[in-house]
Amino acid sequence: MSQVTLYTITGVILFFMGLRAFLLYAHLVRKILAFNVMGSGIFLLLVGIASRVPCAAPDPVPHALVLTGIVVSVSFTAFGLVLLRRIYAKTGKAHITTEMEDTDAQ
Amino acid sequence: MSTIAWLFDGLLVAALLYLAWSLLSEQDLFKAVVLFIAFGLLMALSWTRLQAPDIALAEAVISAGLSGVLLLDAVGYVRGEKRPASTQSEAVKARRIEPVRTGLNLLALLFCAALIWAVLNLPPLDSGLSSIVQAQMGSAGVTSQITAVLLNFRGYDTLLEVAVLVLAAIGCLTLREADQSAAAAHSREPGMQVLDGMIQLVIPVMLLVSGYLLWAGEHAPGGAFQTGAMLGAAGFLLLLGNRMHFQQIPGWLLRISASLGLSIFLLVAGGIAISGRSLLEYPVSNAGKLIVLLETAISISIGSILIILFAANPPSASSPTIDQATPSEDTTEIGSK
């Protein structure tokens, strides 16, 4: 096992941490944070897989993909936050409520 | 040396996992976002350890800087949220959710273990696509492998990515609140003098660095994405310091600069297709010039798109006070008259 494998495994764990939080939390800011952590996990996994051959230059194609991915993820974050603001301005809520929850609250 | 490197990597990985865990489970959203910024900086450090300086540059500017600012503003905006305080229904809900939560945790653990097993069992000596990239570098027009992949070999991906960015900017402009007057009349606080001084010092340096990154992209880490991110960050600072007002930027300028990258990319692709080659197959003799042209246009576009994304998420000073119902100055004046 090399140091690169260490980062690859960290990427996998980060992805599942993010996925779990993304599914469990109802607050929308938390969901966006969790989505970003998931993204970081995927990027680590890709770059880790790109440099499996020791003492050789890493594969540039996954690096380019990750670079693209980082820029897309910031635009996703910004768009999600604009949507969040709209939802908040209209309903006064920043978390997801299911119909079941709404009837409970009444 | 190797022991120290192992120690450093181990500590870095442990810090990453700890920060991710605490930012996801932190109750206070503000703290969670601050932890997220720290997480982004450590990610940038990890990229340098993984020999990916291009990604490290982008990550340091974007994840740690730009996303952090956007998230902090959003947290300030939704701070006044009232949660329904019916404890009984909360308890009922918690009981109903508990099995789902346990199931999800188990499922996540199972998949996580399976994926780790898969990673450990990958064929160890597989250089992937790097040999193909190296064989084609002669016809790329640039000497940096990453730039060659981004703008030549996989130019199609980048074309679509720039299109996604333009779409995000259009979406943000459409959805942003119509009433932006409050943000424009953002009062000048005493502390702003420090910010003013810093802006005067930092903005020229940022512009210089972005010019350098654009130039360096041809042969070293750097390129359109890092340049665009740096330009966007300079724009964020100008907007935050009230040196630039989003409303005063003419709409046509904004539209042209945001769509410049996509338009030129499409023109190049179309021109090449008309001349009988396939979509983004640059003629070898002109590949270098075309890539520099595209990089410049994409940098300007990414910079202005990031500024649009930021302006669509105005600082929380302008947030509507939904729950407190404090009368604004205008309404009290009308009432007293």
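In this predicted model, helix 6 and helix 12 of chain B are roughly perpendicular to each other, because their axes cross at roughly 90° and angles of 65 to 115 degrees count as roughly perpendicular. The axes of these two helices come within 10 Å. On the side of helix 6 of chain B, the contact is made by B:Thr147, B:Leu151 and B:Asn152. Helix 12 of chain B brings B:Ala287, B:Ile291, B:Leu294 and B:Glu295 to the contact. By type, the residues of this contact divide into 4 nonpolar, 2 polar and 1 charged.

The two chains also meet: 64 residues of chain A are in contact with 81 residues of chain B.

The residues of the side of chain A that touches chain B divide into 44 nonpolar, 12 polar and 8 charged.

The largest nonpolar core has 117 residues. Those with the most contacts inside this core are A:Val29, A:Ala78, B:Ala58, B:Leu66, B:Ala229 and B:Leu309. Domain 1 (1-76) and domain 2 (143-319) of chain B both give residues to the core, so the core lies between them. Leaving out residues up to four places away in sequence, A:Val29 touches A:Leu84 and A:Ala94 in chain A. In chain B, A:Val29 touches B:Leu29, B:Leu71, B:Ala74, B:Val75 and B:Val78.

Conventions: Residues numbered from 1 in each chain as written. Chains lettered and ligands numbered in written order. Predicted model: local features only at pLDDT ≥ 70, side-chain atom pairs only at ≥ 80, totals over all residues. Contact = placed C-beta atoms within 7 Å. Nonpolar A, V, L, I, M, F, W, Y, C, P; charged D, E, K, R; others polar. Axes fitted to C-alpha atoms, helices over the stretch in contact; angles between N-to-C directions. Helix = DSSP H or I, 4+ residues; strand = E, 2+ residues; numbered from the N terminus. Parallel < 35°, antiparallel > 145°, perpendicular 65-115°, else oblique. Core = buried A, V, L, I, M, F, W, Y, C linked by C-beta atoms within 7 Å. Buried ≥ 20, exposed ≤ 12 C-beta atoms within 10 Å, placed from the backbone. Domains from an automatic or database assignment.
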